[in-house]
Amino acid sequence: MVKNHLDKNGSFTGSPKPPHPTASTDPHSRKNSHEELEHRNEDVQKLSEDIDRFLDELSTCHDKSNPPEVPDAVETFSKIIESKIIKHNACESSATKFCKMTEEDYFFLEVVSRLSKLTNSLSEFPSGSTTTRSLNRTSMVLQRAMAFLEEELRTLLEDSKDSSSNVNKVHKNSSFNSNGLLVDGEQCVLTLSESSGDEEYPSFPSDAVTRMNRIASVMILAGYETECCQVYSISRRNAFGEQLKKLEFEKINMEDVQRMSWDSLEGEITRWIRVVKSCSTTLFPGEKRLGDSVFSESPTISQSLFSNLARAIVIQLLDFAEAVTMTKRSAEKLFKYLDMYEATRDLIPSINNSCSNECENELNSEIQATADRLGEAAVSIFCDLENSIKNDVARTPVPGGAVHPLTRYVMNYLKYACEYKVTLEHIFQQHVKLEQSKSPAKLKPTLEVETESESPHCSEKVAGTMPFSIQLVTTMDLLDTNLEAKSNLYRDPALCHIFLMNNGRYILQKVKGSAEIHQVMGDTWCRRRSTIVRQYHKNYQRETWGKVLQILSHDGMQVHGKVAKTTVKERFKNFNAMFDEIHRTQSTWVVSDEQLQSELRVSISALVIPAYRSFFGRFRQYLDNPKQAEKYIKYQPEDIETLIDDFFDGNSTSMARRKT
């Protein structure tokens, strides 16, 4: 008889493997095979009953120095298990390993469990007793069985996902069975939740998970918990690493992050955010579900395995975030910092109630610390906007009184920032608490001054407003102050008012177009801003058209009760010159807001055309002849209306085009 031995890899040597069974087309052969299987299982069942009776004897034996006689069934039972191990090892086809749990499989796991109980019971008796030989025998067979199950578990974990690669979607009619496995016909997958769409992770046939569950239970019961957990842990870490590779995430050390250009780092941050979100929504929940299914009878083990995996991954992710917070800060980084903050914060729910209490507390603390540093960096960057506005001192006015680039930059920056309003409110609140804890006496008066002050462009007090809202209002006030200073660069007072009107209208439209900014600034602020813009409009009209209306006034046209022709000629001449100059200059001025441009033209027409039409109709007759009329009357009333449509186009060639 050739003896079997375990080699260093846990494989059997010394026994030839039987040839692979081939499928027979003979129905009698299939019937005979089935009858043979039933007969073998009946024999094993009888042996199992004998072993159970012996186990009862061992448990009731109080004199450990005088154990009961070991029946022949123990040796026979051990040989049968050895033969089953050899038979299973002979099945090299992975397809065989992933078929449904057969009756033979259940019998094998049952007898191994019984062998485990038998070995544990025999070990309670002292060495040298009549049970020692049997203990050595069962221990050796049990070790072989555990080596086989360990390899089987490894194979299932590493290969069974490949056999289910064609399973892409879960049918709506699927449901979970008592083991928490989603069953759908022949194959199934562990899914996350209905909200996760078509994404499943990890993907295993349900029978493979059932096998893993049975194997894990048997190994743990036999005292091979360490080996079982080691195989599972290594396999799942490797699988998780493969998922990270698919997401194009690689570990980058701090020095490399510090040296990266912003364009390169921005791409790495985008990938990092994608990985963190995937961990939060898919990978961690999937790993937790798989562990709970495989170790359903040992929840503490499942929790410990998940804790170890999550700790390793989370620390790696946080290291990158920490490195990013140490890079030089600049305005364009704000939104990436906020995205990282939100992704980091969302990691916490995927950890809670999944790890051990110690691990959960540790990771939550680490995650929160990193989120706080990202938050502080975001606060610092946002507050630097104040300095950017204060330091933007221009010496040359924007041509045509157009919207200043600073206005566009600041308002668009605030608009995008306010898309993160809830996050920023939370971050600023945490920042205020942190500052108060550092120097409460110093910070409190400062906050009181800020919150109780009144914006020069707003009739509302901002007392009691959230810290971020206060910062937003302060930034808007600084922008207003800066724009007022820039308006003084224009020598023409009318153009100064056009500049302020353009920028004021742009700010107002941006606030109205953003629900988040509007919510902070309020309706009263918007009404106040509208009033200020209208006042700029009136100031422009007064500066530009006040003198024109004086020329077109009927006052002073008569001398001793008669219309003075000289005065008529002088008035028409002065009007022509003044209107020409206004048209020449204000056609080059810019009002990019179409509605505001239309409002201005309509208001000018309503102001000037009736006055000119009245003057024209009243005093044209006092010019002596057609030649004289042609000399002094340059424009018909309808010409004035047409020319007003050239205003605020920013086109210096409009007059020349009219003349050609």
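**A close look at the rings**

Tutor: Let's start with phenylalanine 579, which is buried because its relative accessible area is 0% (buried means under 20%, exposed over 50%, partly exposed in between, with a 1.4 Å probe and protein chains only). Phenylalanine 647 counts as buried too, at 0% relative accessibility. A quick word on the source: this is a predicted model, where local features need pLDDT of at least 70, side-chain atom pairs count only at pLDDT 80 or more, and totals for chains, interfaces and linings use all residues. Residues are numbered from 1 along each chain as its sequence is written, and side-chain values use heavy atoms, leaving out hydrogens and water.

Now for the pairs: the structure holds 24 of them (rings of Phe, Tyr and Trp, the last by its six-membered ring, pair if their centres lie within 6.5 Å; planes under 30 degrees apart are stacked, over 60 edge-to-face, the rest tilted). One of them joins phenylalanine 284 and phenylalanine 306 edge-to-face, at 5.8 Å centre to centre with 80° between the planes. Both of these phenylalanines are buried. Back to phenylalanine 579 and phenylalanine 647: their ring centres are 6.3 Å apart and their planes at 35°, so this pair is tilted. It links distant parts of the chain, with phenylalanine 579 in helix α20 (residues 565–586) and phenylalanine 647 in the loop between α23 and α24 (654–659), 68 residues apart (helices are DSSP runs of H or I, at least four residues, and strands of E, at least two, numbered from the N terminus). Both rings also belong to a cluster linked by ring pairs, whose members include Tyr540, Trp545 and Phe648.
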